[in-house]
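Hi everyone, thanks for coming. Let me put the structure up, and then I'll walk you through a few parts of it.

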Amino acid sequence: MAIIKYIEFKNFRNFSSYKNVFDNKLNILFGDNGSGKTNILEGISLIAKGRGIRNTNISSLIKNKQNNFFIKSNLEINKNNLDIQITTENKNDRFKKITKINNDYSKDSLDFLYQSVSYLTFVPEMERLFQLSPSYRRNFLDRLVFSSENNYNKLINKYTKALHERVKILQNKNSDSDWLKNIEKEISTLGLEIYKSRYFLLTSINKNINILKNEHKFKFNVELKIKDDFYNSNISYEKYLSNLYDSRHYDMQYGGTKIGPHRSDIKAIINNDFDASQLSTGQQKTIVLMILLAQCDFLVNHKNINPILLFDEIGSHLDTDNRQILLDMINKFEIQFFLTGTDKNLFSFVSTNAHFYNIIKQ
């Protein structure tokens, strides 16, 4: 179990300096818009593989007119305390995140950290999840997969790189056909792995929502599905490879690859009747919270993973149903929560054991 005990920033986002000690359970950060609440969650989320909850360029995390940022944290993993330091390195005008664990940045140390820390996140845009672009929903889905499959981002990155390479080969008239065949074989293999991981996740969430719905009295019945005509047609490696071959001319003209998991979408069917895109903002938030609750239950009870929950601006649009789901999560799981909102009173429904932090704009 991972717990963020302490964090300190220097020249990070809007903070010249900031430090705080956190509770093992429920931490609520409140303050005006622009005070830096989201930035604190982003700094916390960097204590893992990747570029944080906003997936932004590392250089943009550095406070204006500064050359570097510094994050120091104390992290407890299975009752062992680790000192984490995160900073940047500029090579050839490209910034890279550098992480040290107890002053060690060896691969073994980093692998241990990344395998020990998992996040589930909520950001305000998710209130319109089913009205946003397919790419946003794919990213939402992939973040959920990543919470249980630590190497999943490597799979996505390799797949994306192979797609770009294929397009370059197609647009180069003097390219080697064997090279193209090998790239398409790699795309087929990686694409099928991504489909498999996403399908397993959605199946797990659907199952867990059904198990949890009686206990939590969910307002809706929800079924998540992959929306992808190519995937839904009994896909196989041979068929994938054949379709890539058949689409070469089209893909060369349009500079992309028209089949594969990068074209997928997800949809949520409500009460076996209509799509979640027809729901109100507050109702879509309910669906997202149901999904996060189901995934959290799966991680804790089936994967032995205790995620840290980072819920940004969760205080808005909290009707009775949403408050109850959030409260159920807080009461059900012995994990660490970070919740943000503009007003302390938005969280009056939570336990008196919550620790509140007033974030003031610098």
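Let's start with one lysine: leaving aside residues up to four places away in sequence, Lys285 touches Phe122, Glu127, Glu313, Ile314, Ser316, His317, Leu318 and Asn322, where contact means heavy atoms within 4.5 Å. Before going on, a word on the source: this is a predicted model, with pLDDT of at least 70 needed for local features and 80 or more for side-chain atom pairs, while totals for chains, interfaces and linings use all residues. Residues are numbered from 1 along each chain as its sequence is written, and side-chain values use heavy atoms, with hydrogens and water left out.

Is Lys285 buried or exposed? Lys285 has 0% relative accessibility and so counts as buried; the cut-offs are under 20% relative accessible area for buried, over 50% for exposed, and partly exposed in between, with a 1.4 Å probe and protein chains only. Lys285 sits in helix α8, residues 281–302. Helices (H or I, at least four residues) and strands (E, at least two) are DSSP runs, numbered from the N terminus.

Now, α8 has a helix partner. The axes of α5 (residues 177–216) and α8 come within 8 Å and cross at roughly 100 degrees. Axes here are lines fitted to C-alpha atoms, for helices over the stretch in contact, and angles run from 0 to 180 degrees between N-to-C directions. The two helices are therefore roughly perpendicular; that label covers 65 to 115 degrees, with under 35 roughly parallel, over 145 roughly antiparallel and the rest oblique. Among the contact residues are Phe200 and Leu212 of α5, and Met290 and Phe298 of α8.

Over to the sheet. Five strands make an open, antiparallel sheet in the order β2-β1-β4-β5-β6; strands pair if DSSP finds at least two bridges between them. β2 (15–21) and β6 (94–101) are at the edges with a single partner strand each, so one side of each has no neighbour in the sheet. On average, neighbouring strands are turned by 15 degrees against each other, direction ignored.

Helix α1 (residues 37–45) packs on this sheet, touching β1 (2–12), β2 and β4 (70–77), and its direction makes about 115 degrees with that of β1. Nine of the nine residues of α1 are buried, so the rest of the structure largely encloses α1. Helix α2 (residues 107–116) lies across β1, β4, β5 and β6, at about 85 degrees to β6.

Last stop: eight bridges join β5 (residues 80–91) to β6, with Thr88 opposite Lys97 and Ile86 opposite Thr99.
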